[in-house]
Amino acid sequence: MKAKVAINGYGTIGKRVADAVAAQDDMEIAGVVKTRPSFEAKIALEKGYALYAAAEENVEEFRKSKIEVSGTLEDLLDKADIVVDATPGDTGEEYKKLYGKHGVRAIWQGGEEHELTGFSFNSEANYRDALGRDFARVVSCNTTGLVRVLYALDTAYGIRKARVTLMRRAADPNDIKTGPINALVPDPIKLPSHHGTDVNSILPHIDITTMAVKTSTTLMHLHALNVELNETCSEDDIIQLFASRPRIRLVSSKDRIKSTAEAMEFAKDIGRPRGDMWENVVWKDSIAINKGELYFFQAIHQESDVVPENVDAIRALTGIEKDGANSIKKTNRALGITS
Ligand code: NAD
């Protein structure tokens, strides 16, 4: 039996998770939810996804636009085993009550606080702890990117201390409300930023401090990491370690990938849907051991790195796959992640 998945909030993250779910052989889309008619609603129908209105008061608007809806979110919840909530942050409490009423498991995104579910998820770090839970939160794009590398480093060498500067994209490429900005914005001014605390929601024992700057770009985030490890290792050891991880893609400036622009072009050239880059992009030639401390750069595609983690979270919560490594393999194989 395939797990029946509802997607509430069919925007940047929701539409990507829907396509990734549809690509798996052990789950299927029960339906997707939109608040109002749009090109995305029409494309959802063209893709064969049943479309539902967020609430009864939205149905008429869809009818007027001649876009066929199969009912409302509440109708969909009765047909689904699990809902991926990709609505904008801060709708969590309200929807949590509704999902509970319909007895549906739920996965939220990083715009919600850890406290909403009491459990924050990353495929490699804590899949087993997610098994059978009713609710979980897939952490944000930045936190997912940080946990992937820090979990690998901590497991192999032990982390004494991590210091990270995040250069954040100011807005997503389709966002005409937030930008453009012509500035570098310390965000927040008062340090540290919340990203370290968010990493601790999954890896509580790691000593991490983060700073973040909002930058005039929409493409990707760029992280500069400085990590003190408990055990001595070489630059080659770190390259081997990252090469062995399922969602880290090593690139090199020698191949003329010297920026987030070229990293995004690379994703398009390897045929990724929407030009998405699901893996952390780590510059192999940035990896340096200096005075015993590790330094490197990584780029994170904010629109897509959390997508495979959502697919794995569906398997963990529904229990259709008990082994995290197997789930990661299945997800990666179905999506074509070969790094
Ligand atoms: P988005 O604005 O692109 O999409 C949200 C969708 O939800 C839109 O289609 C909107 O119409 C719909 N919506 C709004 N209110 C709704 C409601 N009450 N009920 C149902 N649907 C509603 O947002 P997004 O960027 O996809 O973000 C979704 C979540 O994912 C947030 O928690 C965000 O923090 C998180 N996230 C976003 C990114 C990113 O870079 N975009 C990365 C990682 C995590």
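**Reading the sheet, a helix and the backbone**

Modeller: In S3, Tyr52 is the bridge partner of Val33. This is a predicted model, in which local features need pLDDT of at least 70, side-chain atom pairs count only at pLDDT 80 or more, and totals for chains, interfaces and linings use all residues. Residues are numbered from 1 along each chain as its sequence is written, and side-chain values use heavy atoms, leaving out hydrogens and water.

Colleague: What is the order of the strands in the open sheet?

Modeller: Strands are DSSP runs of E with at least two residues, helices runs of H or I with at least four, numbered from the N terminus; two strands pair if DSSP finds at least two bridges between them. Here seven strands follow the order S3-S2-S1-S4-S5-S7-S6, with parallel pairing. S3 (51-53) and S6 (120-121) stand at the edges with a single partner strand each, so one side of each has no neighbour in the sheet.

Colleague: Which residues of helix H5 are buried?

Modeller: Buried means under 20% relative accessible area, exposed over 50%, and partly exposed in between (1.4 Å probe, protein chains only). In H5 (residues 92-101), the buried residues are Gly92, Tyr95, Leu98 and Tyr99. They fall within an arc of 130° (taken from the directions from the helix axis to the C-beta atoms), so they line one face of H5. The face turned away carries the exposed Glu94, Lys97 and Lys101.

Colleague: Where is the peptide bond cis with omega about 5°?

Modeller: Most peptide bonds are trans. The cis bond joins Asp187 and Pro188, and Pro188 lies in the loop between S9 (185-186) and H8 (195-200).
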